[in-house]
Structure formats: C-alpha cells, structure tokens
Amino acid sequence: MADLSFVRSEMLPERAPPANEVGIVKWLRTNLFSTWPNALLTVAAFYVIYLVLAGVLPWLFGGVWTTSSLSECREVLQGDVGGCFSVLTERWNQLIYGFKYPTELYWRPNLALVLLAFAAAPVLFFDLPRKLLLFTAIYPFIAYWLVWGGPIGVPVTAFVGILGAYLVFERFSASNFALGALGGVATAFVLWFIGGYLVDMMASENPLLTPVASRDLGGFMLNLMLGVTCVSLSIPLGIALALGRQSSMPLIKGVCVIFIEFIRGVPLITLLFVASVMLAYFFPPDATVDLFLRVVIMITLFSSAYIAEVIRGGLAALPKGQYEAADSLGLDYPQAMRFIILPQALKISIPGIVNVAVGLFKDTTLVSVISMFDLVGMIRGPILASQEWNGVYWELLGFAALLFFVVCYGISQYSQWLERRLRTDHR
Amino acid sequence: MSSITLDHHADRSKMAVSDEVAIEIRNMNKWYGSFHVLRDIDLTVYQGERIVIAGPSGSGKSTLIRCINRLEEHQEGQIIVDGTELTSDLKNVDKVRSEVGMVFQHFNLFPHLTILENCTLAPIWVRKEPKKEAEERAMHFLEKVKIPEQAHKYPGMLSGGQQQRVAIARSLCMMPRIMLFDEPTSALDPEMIKEVLETMVELAEEGMTMLCVTHEMGFAKEVANRVIFMDAGQIVEQNEPEEFFNNPQSERTKLFLSQIL
C-alpha cells in the first residue's frame, strides 16, 4: 500500500483567474459564443440589427422638421433618405388638441392635465397623505369646467348633488344599507333638478370660461380624456359586477351575468355606433345627451364587463378560509369585502386589470370610426387628406404609436411597481 | 397519532364549570344536499366547560362546531348560543359571531394585514372601539400568546405555530365568551403543536368555555372536562375524560381509541 500521509510545507498564494474567465471576455463566451451554433446565431442577429438600424437611423436623423408641406420636404431631401417630420411640428396642435378646439384656450386642457397628476397621485401612490384624496374628489368637476367651460353652476351642481348623496348615504347606510343607497340617489336627483333650474336661471351671457362643445374636442387630448375617464369609471363598476355575479340573490346575479355575457359578446365598434346613432332613440325626443358622454358610457360598460371577469378570477383564487375567518369575527358583508376580500382579490387581479386598462386606452382610437377626431381620426382625416401632407404615413402613424406606447408602458411599469409594493407574503 | 406531553400541567382547580348554559343544541339535523351529515344532535354546554370532540374523519365533528357560529346552516332543530337562537336572521348571527371566537385548522390569518392589524380589525369595525384601545388590547393578547415582538410583521413571515397563536389572539381580541377550535394543531409540526396546546391550556385555566375538535388526546386528558365521541354524524358516547379513555362503553369508541392511542 502506498504512503497516504501528506503534510503541506508552504501555503499557496492567491492567483488571478485565467484571462478568458473574467470580465467582458467571459461574458461574451458564456452569453454569445458558447457553442458554434450560438456563435453563428449571434453573428446573424448582429447582421439583422445592422440592417434595421441602417434603414431606420438615417431616416430618423436625416429627417426634415421645418418645412410646410410634403413637396417641400422632397425638395430639401433631394432624393436622400429622411423622414418628413415637419408634419408633426406643423400640425402639432391639431395632433394634440384636434382642429376645432380654440387655440387661445389650449391652456385650459393643459392645466387640467397638470392637475390630473395631483389628483391621480394619492390614488396611485397610497403612501401619500390621505388628505390629498379630497382634491381627487373635486378634480373631475374642475377638469370638466376647464375643458368644456360654460357656466360654473353646472359642475358645482353636479358636485353638490354627489356630495349630498354621499352625506345621506353616510348618515343612513349604517342602520339600513338599502335606505342609505336609495336615499342617496334620490337626494342627488333632487339636488340636480333644483341646481339645473338655478343654473338655467342664472346663466349669464358671458360665462367666465368660454364654452367649448364636445364636437370640438380632438387629438390625443381626446384619447387621454376618454382613457382616464373610462378606466376610472369601469374599475368600480367592474368590482360591483364581479360581486354581483357572486351574489346569492338570483335577481342581482342574473342581471350581472346577462350584462357581462352580452357586453362581452358584442364588438366595441358596434357599441360605439349604438352610442353615436341609436342611443338617441332611447331618450325623449328633445333630450340631448352629449356625444362624449354617450361614448364614455359605452366604453365604460364594455371594459367594466372585462374587468368584472378579471376580478371574479381574483375572488375565486382566494381560499374559502378568508371568507370564513371574516365571518367568524363578525364582520358583515360590506366590511368583509372592503377589508379582507377585495384588497386581496384586487391584488391578484392587477395584471388582468392592467391588461384591460391598456387595451381600453388603445381602443379609444376606435372613436375615429364614428367621426370623432381623436389622434388617429385627425391623422386619417384632416391631416392625411390635406393637400400639403397627403402621403406622410410613417411619420404620423409612428408618432401616434410612440405616444400610445409611452402611456401604456408607463401603466405597465406602474402596475409592476404596485405588485412589488403590495407583496407581503415574502415567499 | 402523535401524543404531545405538555411541560405545564393544567391546574384543574381553576377551571370551574358554572350551571349557566352557554350553548344549547336541541334535536339538530343537517344535510349537505341529500347527505345526512348531522343527526339528532342534542348537546348542552355550560359556561366554563372544556369539551373535546373526537371521532374519525367525516364523522361531522367539524361541521358541528361550524354550525355553532353558523359558518354552516342547520336545517332542523335549534341552536341557542348565550340566549340567542341561530336563525336566518342576520342580526342574531352577527350577535352570536361577536361572542364566539373560532380558530381554524389552517389559521386563516389575513395575509395582507400585519399581525397587529389582523388583531385590531374586527374590534375596531365590529365592536366600534377606538383604534388605540384596540391596539393596546391586541398587544396584551399577543403578549399572552408570547409573540408581541412580531406585531408589525406579516403572517407570511411567521412559523405555523406562531401563526396559530396569532389566530388565537385575534379571536380573543373580540372578547368572546366561547371559543371554538377546529383541529387547531393538525396542520402543525410536533414542536409547534406543543406551543399552541400550551396557549390553549392557559386559556382553559382562565375559565374560557371551549369546544375543541382535536386528535390530541393528551390535551383531552389534561384539560377537558368532557369528551364527546362522534361517528357517522351522531354523538356516540360522551363522558369525563378518565372514564372515556379507561372505560369506553360503545364498541365503536373502543375501536377508535385502540387505533389512535
């Protein structure tokens, strides 16, 4: 048997690793050139990237920004590759505000957008002081007044009606939920009726803010307004529908199921046509319901049906024990929903809700088919049809895509932050 | 079947049973669809009693105690808890639930709330207590179950035994007169079973009326004043623990005990 004993006489010093095992060389070897097929694919991929950039970059950086028509662009470029981005600078106001919104009033939607940031912040980031929600509550009325103008009595009446409804509901719902809800609705209608009368009486010839008709709204502003309004209305409606669908009362359950299944089975475009043409048949002959409002109602109904199904998935994913624990502690149905069930179900539903919200925001471009001039409507209509810019497709539609991408990517990033922030299970 | 020995021997002298009735169940029947799960249950529980309900799985023991706070509805007979009869009247149901605490096999803590919030939610919204008062009492009970330092963590960060002790504290915060335990230790590792059982023994020593569905026969011998054996939806035998374990009468009970002891 060999001698197995061994004693080290001196300790080995530390050595640097081989050159191809550190830094960029190592990274390249493991990620790009680990095997021959991978190396070939890497080279091929680089070639494709080169082809794409070689086509796009000269077009992007060689573009013209200052001419006033497509033919002038062609003269400046003289056959060189380059985009005709002048259309964006020249028609910027039309792309953003539409072609009928009075130019001297642009500050009003701009201010509304800035205020939106303050109104949305406490809803999106719940670490902010809760008192800021008071501003969120009055924001819709301020925004309405800023964008549409007209007598200030209209938004004030709307606000007072809702405030009255809320106070009545608060007062009575603790003892009797149905009484509170019905009383609240009745209060709102009474206040609105009185308010409408007063507004008509006091309407002055020259209101503080010049009125702007809904028909005059347009451009990306219209997309943003529709998107923000419909998302914020369809989430609460979706929650109500999802809970209604779970109800043990056959009437409520039936109404919710029929509503959801019907709306989901119909294309949005048909609903929009109903909004623009047919809805008038359902109102009294002299009643004029604003087109913007009709479209908001239809898009909201449409997306709330989808959100309801997403939230139903979240509710179904909760263990039955959560309901039982809430029951065993004596929480009643509204309390159990508010504190236990919905916070968890909504957290589970975030990716799905964001999916619907992003889809809804992009679907607002469909209003262009009922001749509302949103961003896409502006591009397809007044801009591309004009003599100066007939034929500038890539630049315009690329710009529209960029605007939508920025907003949708922002929503997606926010939702991921929200999911991380709400993660308490520490798995 | 695990048999955990408790370090702390229960002091039975503190566990007094009064002759005031806490729960009265008369001729109660329940069906799941056409399956007759509880049959002619008659049971009177006095204030301060510690009752262990044993029996094979599917015998209806969990269903029985879940009927007592109406997590399950019975179809025939009467259940009267602390003078309030359980009917479809939601006011009565809420009144009973605010007086009866329940601890579940799988804890059922609210994972999105901290331990402290788990304990204060119901007192604040159901009992309408001021937040500060509710928090003070929650800390008091968390100290009693020996985990006050976890108050600001989330349930997911605690071990199973700790979670179950939080669940007990959460129920106690509602100041219940009766506590129901639905297999509180059967989802736990042996060493955690012990810490939960010790908490339950302390609770018993304070005179709490307790109904426990459990397989921990050591706990039954130590704490219970009555053991109820159920099979096939009916009460087959009930007796004081000593008699029940040493001198079972029914064949079914004898078979069950021979299998688990």
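View 1. The model is predicted: local features need pLDDT of at least 70 and side-chain atom pairs count only at pLDDT 80 or more, whereas totals for chains, interfaces and linings use all residues. Residues are numbered from 1 along each chain as its sequence is written, chains are lettered from A and ligands numbered from 1 in the order in which they are written, and side-chain values use heavy atoms, with hydrogens and water left out. Arg50(B) is buried but has no salt bridge, and Glu49(B), the nearest side chain of opposite charge, is 7.3 Å away. Buried means under 20% relative accessible area, exposed over 50%, and partly exposed in between (1.4 Å probe, protein chains only); Lys and Arg count as positive and Asp and Glu as negative, while His and the chain ends are not counted.

**View 2. The interface between chain B and chain A.** In this interface, 24 residues of chain B are in contact with 21 residues of chain A, contact meaning heavy atoms within 4.5 Å. The two chains bury about 2,000 Å² between them, 63% of it on carbon and sulfur atoms, where buried area is the accessible area (1.4 Å probe) that two parts lose on being put together, summed over both. Phe110(B), His112(B) and Trp125(B) supply 27% of the area that chain B buries against chain A, more than any other three residues.

**View 3. The salt bridge between Arg66(B) and Glu324(A).** The closest N and O atoms of this pair are 2.7 Å apart, and the count between the two chains is two salt bridges, each a side-chain nitrogen of Lys or Arg within 4 Å of a carboxyl oxygen of Asp or Glu.

**View 4. Positive phi values at Lys146(B) and Met175(B).** Lys146(B), with phi near 70 degrees, lies in the loop between helix 4 (131–144) and helix 5 (160–172) of chain B. Met175(B), with phi of about 50 degrees, is placed in the loop between helix 5 and strand 7 (178–182) of chain B, and Met175(B) is partly exposed, with a relative accessible area of 39%.

Terms used
Helices (H or I, at least four residues) and strands (E, at least two) are DSSP runs, numbered from the N terminus.
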